[in-house]
Amino acid sequence: MLRDITIGQYYQTESLIHRMDPRVKLGGTLLYILSLFFFGNFWAYGIAVLFLAAVIRLSHVPFRYMVRGMKSILFLLLITVVFNIFLIPGTELVSFWKLTITQEGLKTAVTMAIRLTLLIIGSSVMTLTTTPNNLTDGMEKMLKPLKVFHVPVHEVAMIMSIALRFIPILMEETDKIMKAQIARGADFESGSLIKRAKALVPLLVPLFISAFRRANDLAMAMEARCYRGGDGRTKMKPLVYQRRDRLGYVCIFAYMAVSIAVGRLL
């Protein structure tokens, strides 16, 4: 399951989405996520699915690889659906024992499941098609107006980029530690929920130690290279909008306009 986490990973291939400016992908992802919470009917979700399918097609990232990220949140998705089905009052559909399934609860559960699925896959498209360095540069450029309020934009972008980069590294480290513990007789699968939670303690302790060691090594490496923040730093490859980036903005705003129109009219 640890290898199924795709958020934070980069998939190396050649595509139009990979060549786009990271600011386009960051802004498009944020607008896409926001649009998922403004929809009021399933027609608008259908448009969101079609738009996401077109982006995945243009990215040349295998759909199976992208859907793998859903396995890591399957348990969370299941809990969300169950709670919405049984805890939202409304028109009764089915009732057994002390549990009641309502029409409103079923609709909300389906809506939340669609939102979470599209949100995870949409976020994965951005990280799979953008290198951490480009992601940092894009964040810094987009947050640049906040410098007026003395916000350390470069440092904030660097922290977010490092956090995304550490996700696959920590997942790989967790997998190695888990295999080592299993080879020594540890059991992470059988037993009750409490027993399995206790079995994770020998896994978490070395993982935290490894994470702090990696963070310390990174800090020492940055200090040895005289890193002093973003003031006065130049870029080897400065971000410049191309024609494809402008077309990307046009497609994103066209999607937003169509989805809002469909959500209000239907």
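First, the ground rules. This is a predicted model, where local features need pLDDT of at least 70, side-chain atom pairs count only at pLDDT 80 or more, and totals for chains, interfaces and linings use all residues. Residues are numbered from 1 along each chain as its sequence is written, and side-chain values use heavy atoms, with hydrogens and water left out.

Now the overview. The chain has 11 helices and two strands. Those are DSSP runs, numbered from the N terminus: helices are H or I with at least four residues, strands are E with at least two. The C-alpha trace spans about 65 × 60 × 40 Å along its principal axes. Of the 266 residues, 35% count as buried. Buried means under 20% relative accessible area, exposed means over 50%, and partly exposed is in between, using a 1.4 Å probe and protein chains only.

Next, helix 3 and helix 11. Helix 3 covers residues 42-59, and helix 11 covers residues 243-265. Their axes come within 8 Å and cross at roughly 160 degrees. Axes here are lines fitted to C-alpha atoms, for helices over the stretch in contact, with angles from 0 to 180 degrees between N-to-C directions. So the two helices are roughly antiparallel. The cut-offs: under 35 degrees is roughly parallel, over 145 roughly antiparallel, 65 to 115 roughly perpendicular, and the rest oblique.

Who touches whom? Helix 3 brings Trp 43, Ala 44, Ile 47, Ala 48 and Phe 51. Helix 11 answers with residues including Cys 251, Ile 252, Tyr 255 and Val 258. Contact means heavy atoms within 4.5 Å.

On to helix 2, residues 22-36. Its axis and that of helix 11 come within 10 Å and cross at roughly 5 degrees. Helix 2 and helix 11 are therefore roughly parallel. Among the residues that meet are Gly 28, Leu 31 and Tyr 32 in helix 2, and Gly 248, Ile 252 and Tyr 255 in helix 11.

Last, the rings. Tyr 32, Phe 51 and Tyr 255 form one aromatic cluster. Rings of Phe, Tyr and Trp (its six-membered ring) pair if their centres lie within 6.5 Å; planes under 30 degrees apart are stacked, over 60 edge-to-face, the rest tilted. The count comes to six aromatic pairs. One of them is Tyr 241 with Tyr 249, edge-to-face, 5.6 Å centre to centre and 70 degrees between the planes. Tyr 241 is partly exposed, at 30% relative accessibility. Tyr 249 is partly exposed too, at 25%.
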